Amino acid sequence: MEETVIFTLEDKFKYPFTAQARDHIRKLNFSIDDLALPIGRTVLSLAKKRILDAIRREPFAKAEPKDIDLEIGLLSFPTSIIILAQVSDERLVRVFAIYESKKVRNFLEEENTRKIVYIARNGLGWDIRSGSRKFNLAIRFHYYLTYQPEYLGSWKLVNKVLHDGYVLITRHELIRLIEEFSKRYIIKACNEARISRLPESLSIAIEEISREWASVRAKYELPKILSRVDENEVYPPCIINLLNLVRRGENIPHSGRFALATFMLNIGKSVDEVIDLFRTMPDFDENKTRYQVEHLAGLRGSRIKYSTFKCLNMKSLGLCVKDCKDIKHPLQYFYRKIGRKYGSKKTNV
Amino acid sequence: MDPKKLMFNCFKRYYRKNPDIVVPNNIKQREFGFILFINDEMIRHTAFPSREELVKYLKEKVPRHAYYSTAYYVDPSAPDMASKGWLGADLVFDIDVDHIPTDCKADHDFYLCQDCGGISISGEQCSVCGSSRIKKVTWVCERCLDVAREHALRLIDILISDFGFSSNEIEIVFSGHRGYHIHVQNKDILELGQDGRREILDYVRGEGIDFRFLPGFNIPRKGSKSISASIDSRGWPGRIMRSLYNIILNLNENNFHEILSREIERDDLEYILENRSFFLEELENPDKGYVNLLKLRRKTLLALLESAVDFSKVIVDEKVTIDTKRLIRLPGSLHGKTGMAVRKILFSDLENKSPVDYAIVFAENEYFKIKAKFFPRHILDFKIEDKKGNGYIVVPKYIAIYLIGNASEIVEAIEVI
Ligand code: SF4
Ligand SMILES: [Zn+2]
Ligand SMILES: [Zn+2]
């Protein structure tokens, strides 16, 4: 028999996207008119703080509010979503969603496995099987496919054990799946949130956030390093697509980053130029990115300069956007366009 | 006799005799598409409230090809995709022997020049006029169909034991041509997007298997290798080990090129053969916990394992599975290239029968004398011969229809005998 898990108010505060938390919020019966009340002002200022923390990439330990009423803290979640829906900037929404879901991951990593399973099962309604002793976890495959954060390497379904409709996963993978869920939950909520009218206090908050965001938004913009060549002329459609996604600040999967970075390195971009490319990513971390790009460039570790994927692999990763005629490799496309022969200095993994 | 007219009349008679049309579930939410005999245009965005209306349409229009959407829509007859209101789609696999190499292809496939009408056996340019505007004319014979059947069986095994679908959620359809369509109707996959479907596709075709990640295989570049996967393991690890067992069991000096899809060195082959019974015994004892690989080299081991993957993967066309707005052939309709019926079949039919047993419609004992420019030597279950060597062949009706439907260019004259 499984022990019952106690899901406390604090848990609801940490995991506001769970059914239990949403239920609790509903029962508090808090409306936007209540934002004018003293208690509402506290909710509002917490909601603002949540968004500002995300914009400023405040370390979680520092960002965590101290000595607050947990119910007020819980209410700050839907309130921040309402503010974001009004500011209505896709990129800001993503910055917020990624920050919040990373925070969720941090919390989850501190929990015991039984609690994590409880959240997935009872909080999100996922079909999870868990062995009683060794915590062998298995998730019904369609939940896995829906919230799979990457389509590469150990995440790829074909490299998992799948039996009778269930995918074996580790505790860490379950955490990542929940993280992905929470991210998408927030994005969806921000896109769908509607309010009938805008009270004074709320519009002030919206203005404040907009102002703050406008002042830092530029940091998330792409420096114009790539405008020298006419990219649309020489880059293959898949790379142009990835570039566009990156520029819009979309959080592309690792496979996409790998493809883009190796492509750029292979056509002779410097490590710095490639790092700059990723500056617009909502979860950009300069040191981490530098490390990875240098690794790909063969400056670190195995000292192998990585080639980019061939079209066949691009297709299977879902990165190919067009069946280019007679092209087997994105680099081949590029070299053809600029009239140089492909294969002269090809290195491989 | 005008060959096209002959074909049309046969189709007309078929549809007017109340054929066994199997309509998809939720017919009202499906889009239908047809290609008639008059031109090659697809009539799309058609919808039917009931089976009766659909059958009436078929009788009236006598289509050369008939399709329906694997997707469900709010308004399937809306003129563009955006306004149809996509509700979800079945999970569909297309097994088509065209994508699978078979050695019988040399017996029936050829190339037709679109400039001079000349025939060539190899595909680069026309051997008569040198033009490069040539089209490949492919045919199927019993052997091709058997290969497709093998892949359909592999696929169904994966769908049931790995994905946990029940056999009544799986619909098997002979495509009327080169293979099978396997439909899965299950609420959990209904709303799955393209990324998820691609993962399922890659799973069934073993695409992207990487022994660095697949549980049960520890094959580092340096240090000791170990395999803890066994023939009893679940999912791909077990499938690979069972294939590995079969490979080692059947391997010999003469067949290793066919059995192994990856190359191994001669002395490694000898090493495996010398120790065959040891390896087999190791593999037969799944409870032992690991497989003793003796001194098998890493490279050789990987070649064996990758061959084992190739041995059990399903070759399936990718577009059909990924595209959630695709049209697929309607069971009970006729295939305009072969004149065979698209047939929904039972699992036992797939196991025990050939499409020649259940999909041939024009089976009357009627023979045709055809003057043919060129002809395939073996199609379906029939061997074609120009007995007198005068360019005339005599074939039964279903073969005549197939010749006309698939390559009317080669038919110069036709008459009933
Ligand atoms: S075919 Fe190759 S080069 Fe073209 S878009 Fe696809 S992956 Fe890129
Ligand atoms: Zn020619
Ligand atoms: Zn054949």
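Tutor: A:Ile139 stands opposite A:Val167 in β4(A), in a model that is predicted. The two strands concerned, β2 (residues 137-140) and β4 (residues 166-169) of chain A, pair in the antiparallel sense over four bridges, where pairing requires that DSSP finds at least two bridges between the strands, and where strands (E, at least two residues) and helices (H or I, at least four) are DSSP runs numbered from the N terminus. They belong to an open sheet of four strands with antiparallel pairing, in the order β1-β2-β4-β3 (chain A), and its edges are β1 (128-130) and β3 (162-163), each of which pairs on one side only. Helix α7 (residues 113-123) of chain A packs on this sheet and touches β1 and β2 of chain A, contact meaning heavy atoms within 4.5 Å. The direction of α7 makes about 160° with that of β1(A), the axes being lines fitted to C-alpha atoms, for helices over the stretch in contact, with angles from 0 to 180 degrees between N-to-C directions.

Residues are numbered from 1 along each chain as its sequence is written, while chains are lettered from A and ligands numbered from 1 in the order in which they are written. In this predicted model local features need pLDDT of at least 70 and side-chain atom pairs count only at pLDDT 80 or more, whereas totals for chains, interfaces and linings use all residues, and side-chain values use heavy atoms, leaving out hydrogens and water.

Because B:Cys113 lies in strand β7 (residues 110-113) and B:Cys129 in the loop between β8 (119-120) and β9 of chain B, the pair ties together parts 16 residues apart in sequence. B:Cys113, at 3% relative accessibility, counts as buried, and B:Cys129, at 40%, as partly exposed; buried is under 20% relative accessible area, exposed over 50% and partly exposed in between (1.4 Å probe, protein chains only).

The zinc ion (ligand 3) is coordinated by B:Cys104 (SG), B:His108 (NE2), B:Cys141 (SG) and B:Cys144 (SG), at 2.1 to 2.3 Å, and its site is tetrahedral, with angles of 102 to 124°.

Key. Donors = N, O, S within 2.8 Å, 3.2 Å for Na, K, Ca; no water. Tetrahedral: all angles 85-135°; square planar, octahedral: opposite > 155°, others 65-115°.
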